[in-house]
Amino acid sequence: MTALIPFDNSYARELPGFWVSCNPEAAPAPELLFFNRDLALALGLNPDVLGGPDGAAIFSGTRVPEGAEPLAQAYAGHQFGGFSPQLGDGRALLLGEVIDRHGQRRDLTLKGSGRTPFSRRGDGKAAVGPMLREALMGEAMHALGIPTTRALAVTSTGETVQRERPLPGAVLTRVAASHLRVGTFEYFRARRDTDRVRRLADYALARHDPDLTGADDRYLALLRRVAQRQATLVAGWMNVGFIHGVLNTDNVALSGETIDYGPCAFMEAFDPGAVFSSIDHGGRYAYGNQPAVTRWNLARLAETLLPLIATEDSEAAMARAAEQATEVIDAFPGWFAAALLTRQRAKLGLTGNGAGDHTLAADWLTLLQEQRVDYTLGWRRLADAADGNENPLRSLFADPQAPDAWLARWRARAETEGGSPADLNARATRMRRVNPAVIPRNHRVEEALTAASDHGDLGPFQRLMAAIQRPYDETPEQAPYLDPAPAAVTACYRTYCGT
Ligand code: AMP
Ligand code: MG
């Protein structure tokens, strides 16, 4: 009989000393709450088998499938600026890797499957609400075209986990391009283990940037690639109003995927200072700080790579390496700005590059902020305005005349690219393909998770999941998911780490 999941475990094989073997704990009554058929198919797995009792057993950690080599990965991390030399997978296990339909290697991990040697004081477990939340957010991000880890399954365990109150337990099965984090490099750098940092970097190059493996300056090139991927990623987040909430270096993946959905949220009224996380008192990870904090995180990665970038073991060579790495870190804001502007042009319905486009976009955001306009709807209704229907847009503004002057500038700019009725129509259509109607709004997410966690009712979760998987559709079934929560609800909204 062929294995249910054709594992090929390069991390276990090539990187002994970077992880600890560990088995998941069996769940007393595993049940699939969510199974991602499309993702299973993309991975080349059999959704009919894995969507049934075999899947519930495997994805809850109750049965270790043939070919899996479960292990907890070692990593460190800067958390809110302070260094923790030992974090590691305290409630997650890498089951193994599979090669997907596109030939891409993917990690399959369990999150919430019990204690590991890295659990410290934690129970290694997870609750239904936060795991369904991670599944929802990841699918939303994927549907919005932003690189992300995704949920293959969420199972309930039949166990109770003790948090502020007793909650039903769950395990998330996560699919990722890899789980190489900035913090993985920091772990070995903090132990002055240059040999292991080099092996890790070589592994990262082979896995994510194989074209660079033969290059003389490959470690500097790796840093540049990671920085460019982060520039693209964070531009994607900014563009949809996403706040990760806990951008510690252990939550920054070298692959450039969004990883570790904890106290994240989508912003409603546009506000660069928006923070939802209950633990982010200083606003370190506020919406508008994400590019700067990502640059800071990349500098931490650069520090780990300096001994590899240096051509020899001398002070002069280290100083030269530091200069070269600093050039990359200093280039990050420019890469980010370019990636953001490209996306903003598309959102504005523009196809070419105009000299004033950056200011046009920046002034639009200022207007949204001054008028407390919902970020998602502001852009979406601008698409309606593109082919003549301005009233829905104006109704979002405290003063419906407020956008007049800006709209006139935007029209003048847009019409340099065509002003016929057909052009306007094409522009509006284009804009509706990049400006989502549906995002996972905080009040809808909470409603879905409460129903599932407190009442065992998966209906609201399933309907919300279906809606966020088609973010650009504005059909009647999507209507309940378009509107923001009342401002008073959003003002009090807090997110918590999913521990
Ligand atoms: P996170 O907030 O999910 O990024 O996790 C930060 C660190 O805390 C990681 O090392 C996790 O493995 C660890 N951790 C979080 N929750 C638990 C838990 N319930 N039990 C053990 N370790 C945990
Ligand atoms: Mg984490």
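Q: Which helix gives the most to the lining of the second largest pocket?
A: The model is predicted. In it, the second largest pocket holds about 440 Å³ of space. Its lining counts 19 residues, and those closest to the centre include A487 and T490. The top contributor spans residues 487–491 and gives 3 residues: helix 18.

Q: How many charged residues are in the lining of the second largest pocket?
A: E268, A269, R372, A487 and T490 are the lining residues closest to the centre of this pocket. By class, the lining has 13 nonpolar residues and 1 polar residue. The charged residues number 5.

Q: Which residues coordinate the magnesium ion (ligand 2)?
A: Contacts to the magnesium ion run at 1.9 to 2.2 Å. One donor atom is an OD1, the other an OD. They belong to N251 and D260.

Q: Is N251 buried or exposed?
A: N251 coordinates the magnesium ion (ligand 2) through OD1. Buried means under 20% relative accessible area. N251 has 8%, so N251 is buried.

Q: What is the relative accessible area of D260?
A: D260 also coordinates the magnesium ion (ligand 2). The cut-off for buried is under 20%. D260 is buried, and its relative accessible area is 13%.

Q: What is the volume of the largest cavity?
A: The whole structure has 5 cavities of 30 Å³ or more. Residues lining the largest cavity include E25, S60, K125 and V171. The volume of this cavity is about 60 Å³.

Q: How many polar residues are in the lining of the largest cavity?
A: Among the lining residues are G112, S113, T157 and E159. The lining has 3 nonpolar and 3 charged residues. The polar ones number 4.

How values were computed: Residues are numbered from 1 along each chain as its sequence is written. Chains are lettered from A and ligands numbered from 1 in the order in which they are written. This is a predicted model: local features need pLDDT of at least 70, side-chain atom pairs count only at pLDDT 80 or more; totals for chains, interfaces and linings use all residues. Side-chain values use heavy atoms; hydrogens and water are left out. On a 1 Å grid over the protein atoms alone, a cavity is a set of points where a 1.4 Å probe fits but cannot get out, and a pocket is an open set with protein on both sides within 12 Å along at least five of seven lines; lining residues have an atom within 4 Å of a point. Grid points are joined across faces, edges and corners, and a volume is the space filled by probe spheres set on the points. Ala, Val, Leu, Ile, Met, Phe, Trp, Tyr, Cys and Pro count as nonpolar, Asp, Glu, Lys and Arg as charged, and the others, Gly among them, as polar. Donors are N, O and S atoms within 2.8 Å of the metal (3.2 Å for Na, K and Ca); water is not among the atoms, so sites may look incomplete. Buried means under 20% relative accessible area, exposed over 50%, partly exposed in between (1.4 Å probe, protein chains only). Helices (H or I, at least four residues) and strands (E, at least two) are DSSP runs, numbered from the N terminus.
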